[in-house]
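Thanks for coming. Please have the structure open.

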Amino acid sequence: MTADDFEALLKQAGIKLPPDELHAALPAATWLLGMADELLADEASDD
Amino acid sequence: MTDPLDLHLSAQAQAITDGKLKISEVITATHDRIQNRDPALRAVVHLSDSDPDSDGPFGGLPIGIKDIIDVNGQPTRCGSHAHTGESAEGTAIQRLRAAGLTPLAKLATYEYALTGPAWDQPNLPARNPWNIDHITGGSSSGSAAAVAGGLFRAAIGTDTGGSIRAPAAYCGIVGLKPTHGLVPEDGCFPLSPSLDVLGPLAATVEDAATVLDILAPETRALERLDQPIEGLSIGYARDWFAHDPACDPDVLRTMDDAAATLSQLGAKISLVALPQYQRLETAGCVILQAEAWRVHKDRLAKDWQSYGKDARRNLMTGAVLSDAHVAKARAIAVRFRDAVDQLLGSHAALLTPTTLSPAPKFSDFEDGPVWTAMRTLPFNMSGHPAISVPCGLARNGLPLGAQFVTKHHQEALLCQIAQAFETATVPLGTPTGLQQLKTKTGAE
């Protein structure tokens, strides 16, 4: 996920962050998305 | 002679009924302890000066309340500069008052029951009474510090992923997470409604059972105390944590000792297997972050700057999750619940550690949030009741907790087993940090 992707998701909720704050928040969001995607893939193989 | 504040709640109430103790003496002594100890513990964020609720059977005895739960006449800050205003207190606080327990103080919480410790909240983080250079854990940080520090026999906390049990374990006290939905949640600011549970942190299992019976009268946990556990089958989920690289050797030692103690009490201990932990934690995080995002996104849109930096960055992660992520996470939760129910079909309770290490140091958090290994969140996903009971000290002198889990709505059995274990275990004694408190009240 890019910073632009994350910014777009936040803007959908009406949240506009300055670039420094956006980049500070990005690593945790990227980490969670990666873990959640792994879960999806893992689960798909279970079903 | 034992200080009356160090008696069980029921013993204090009996002393008041018998005319051997006045509620005014208890309130004054509690204020004195808060004055003497809290500058170092930093557990109390608001102290009430209203009269005690002395009509019920507990005669007005004081109890502490986590500051995400509304109490009439007291501010609720949720540990955040972003939170203002008061709401009407809910059913749980009304039940405490009706029983004669006085909500005397609001106690520190990690911001919105999320992440901590943090230094940009309205109050500095609460400190561990066993060593004030260490965290209490959270998010019921002040509730754990206040009970372990002897300010209150019991306090009310909330538990979304371990926020009652983990700080109880880190601080050497009892923390009870009831069955999801057992204790009414109205009047409590939500974090993740499908996981949130309100319950007691207490000095002993008896005190926790006393408070639970008030919060959920149908539980009748006190009636099961002081009964033997001989013949009960307890499943020890040793492989669920023993091979985790994050598991402190002291945790494995004390947990094996706990299993041995239960065996000496006549319980039948057998090893059981639970589903792989990491996948459960990920699924739990997905559910929690998605629900917390829904709770907070409109507030963040209006005023994200008022949140602490760790809290807002944590909350905004929820924006990236899709309905498909959440649906898969919930499916994993259902399967875990079924797996636990199946084990509890042939075992009275399960045994696991609460956390996989003692409380970390504050200095570990200077550069931001730190992940700490626990075994709590899956039981929020499954809704099962769980209790953390002190099970010994790590080599650094900090407490560790054993966690018991029973079927839904079997809190009475949970307390019976936990109290039998507590009674058979060498008491931890007075928190070593209370000596530290007398000489050190400055920064970490």
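Start where α3(B) meets α6(B): B:Ala92, B:Arg95 and B:Leu96 on α3(B) are in contact with B:Val211, B:Ile214 and B:Leu215 on α6(B). By class, the residues of this contact are 5 nonpolar, no polar and 1 charged. Keep in mind that this is a predicted model.

Now the geometry. Two packed helices are described by the angle between their axes and the distance between the axes. Here helix α3 of chain B covers residues 91-98 and helix α6 of chain B covers residues 205-215; their axes come within 8 Å and cross at roughly 115°. α3(B) is therefore roughly perpendicular to α6(B). The crossing of α3(B) past α6(B) is right-handed.

On to the empty space. Rolling a probe the size of a water molecule over the atoms shows where empty space is left. How many cavities of 30 Å³ or more does the structure hold? There are 2.

The largest cavity holds about 90 Å³ of space. Its lining includes B:Val45, B:Gly79 and B:Ser141, along with B:Thr109, B:Tyr110 and B:Gln121. That lining divides into 7 nonpolar residues, 5 polar and no charged.

The second largest cavity has a volume of about 70 Å³. Among the residues lining it are B:Leu5, B:Leu9, B:Val26, B:Leu61, B:Phe152 and B:Arg153. In chain B, α1 (9-17), α2 (23-41) and β2 (61-66) are the elements that give two or more residues to this lining. The count by class is 7 nonpolar, 3 polar and 1 charged.

The largest pocket has a volume of about 1,200 Å³. It is lined by 39 residues, and the closest to its centre are B:Thr115, B:Gln289, B:Asn314, B:Val370 and B:Trp371. Which elements give two or more residues to the lining of the largest pocket? They are α2 (19-46) of chain A, plus α8 (277-303) and α9 (309-316) of chain B. The lining residues divide into 20 nonpolar, 14 polar and 5 charged.

Last, the second largest pocket, with about 720 Å³ of space. Of its 33 lining residues, B:Arg153, B:Gly172, B:Ala203, B:Thr204 and B:Gly429 lie nearest its centre. B:Arg153 also lines the second largest cavity. At least two lining residues each come from α2, α4 (141-148), β10 (386-393) and α12 (411-424) of chain B, and β10(B) gives the most, with 4 residues. By class, the lining has 18 nonpolar, 10 polar and 5 charged residues.

Terms used
Residues numbered from 1 in each chain as written. Chains lettered and ligands numbered in written order. Predicted model: local features only at pLDDT ≥ 70, side-chain atom pairs only at ≥ 80, totals over all residues. Heavy atoms only, no water. 1 Å grid on protein atoms, 1.4 Å probe; cavity = no way out; pocket = protein on both sides within 12 Å on 5 of 7 lines; lining within 4 Å. Points joined across faces, edges and corners; volume = space filled by probe spheres on them. Nonpolar A, V, L, I, M, F, W, Y, C, P; charged D, E, K, R; others polar. Axes fitted to C-alpha atoms, helices over the stretch in contact; angles between N-to-C directions. Parallel < 35°, antiparallel > 145°, perpendicular 65-115°, else oblique. Left-handed = near helix turned anticlockwise from the far one by under 90°. Contact = heavy atoms within 4.5 Å.
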